[in-house]
Amino acid sequence: MAAAAEGVPATRREEQPPRDDAAVETAEEAKEPAEADINELCRDMFSKMATYLTGELTATSEDYKLLENMNKLTSLKYLEMKDIAINISRNLKDLNQKYAELQPYLDQINMIEEQVAALEQAAYKLDAYSKKLEVSRGHRTPWNWSYKWS
């Protein structure tokens, strides 16, 4: 250490804390495992990798099977909805046909309703006229026929 500190001024040498040799770690030379150990480790690694890949492929396969089942169910549901839509369309056509068959009768009902309204108006006019006549001729009723027409 003295040889390393020769180029450093004396004030600096004193400031450095002393080294504790127990705290210093020593590096060991990496040793290659024996050839038999490497072969065993490779077999173990390939076995575990095969297990991992098998699990991944199995999971992917299961995902595809699930998607296939979901697609089949969706297809069946759409077929049911198609049948329902066809039935609704058929029933709507039947209703439109029945409405078309009833249309002449509905038109007759509307005409009768208009005629009844016109008849009602005529009855109101006739009632109003008869009241005017009663007022102008005096209050005569069918039970009081003593009035002589001139």
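Accessible areas are those given by the Shrake-Rupley method with a 1.4 Å probe. On this basis the protein chain of the predicted model exposes about 15000 Å², and carbon and sulfur atoms supply 59% of that area. Of its 150 residues, 1% count as buried.

The secondary structure of the protein chain consists of 2 helices and 0 strands. Helix H2 covers residues 35–137, 103 residues in total. From the first C-alpha of H2 to the last the distance is 144 Å, close to the 153 Å expected at 1.5 Å a residue.

Salt bridges in the model number 6. One of them joins Asp-44 to Lys-48, with 3.3 Å between the closest N and O atoms. These two residues are separated by about one helical turn, because they stand 4 residues apart in helix H2. Asp-44 is partly exposed, at a relative accessible area of 35%, whereas Lys-48 is exposed, at 53%.

A salt bridge also links the side chains of Lys-72 and Glu-68, at an N to O distance of 3.7 Å. Lys-72 and Glu-68 are likewise 4 residues apart in helix H2 and therefore separated by about one helical turn. Lys-72 counts as partly exposed at 48% relative accessibility, as does Glu-68 at 43%.

The side chains of Lys-77 and Glu-80 form a further salt bridge, at 3.8 Å from N to O. Both residues belong to helix H2, where a spacing of 3 residues amounts to about one turn. Glu-80 is partly exposed, with a relative accessible area of 45%.

Key: Residues numbered from 1 in each chain as written. Predicted model: local features only at pLDDT ≥ 70, side-chain atom pairs only at ≥ 80, totals over all residues. Heavy atoms only, no water. Buried < 20%, exposed > 50% of the residue type's maximum accessible area, 1.4 Å probe, protein only. Expected span 1.5 Å × (residues − 1). Salt bridge = Lys/Arg side-chain N within 4 Å of Asp/Glu carboxyl O.
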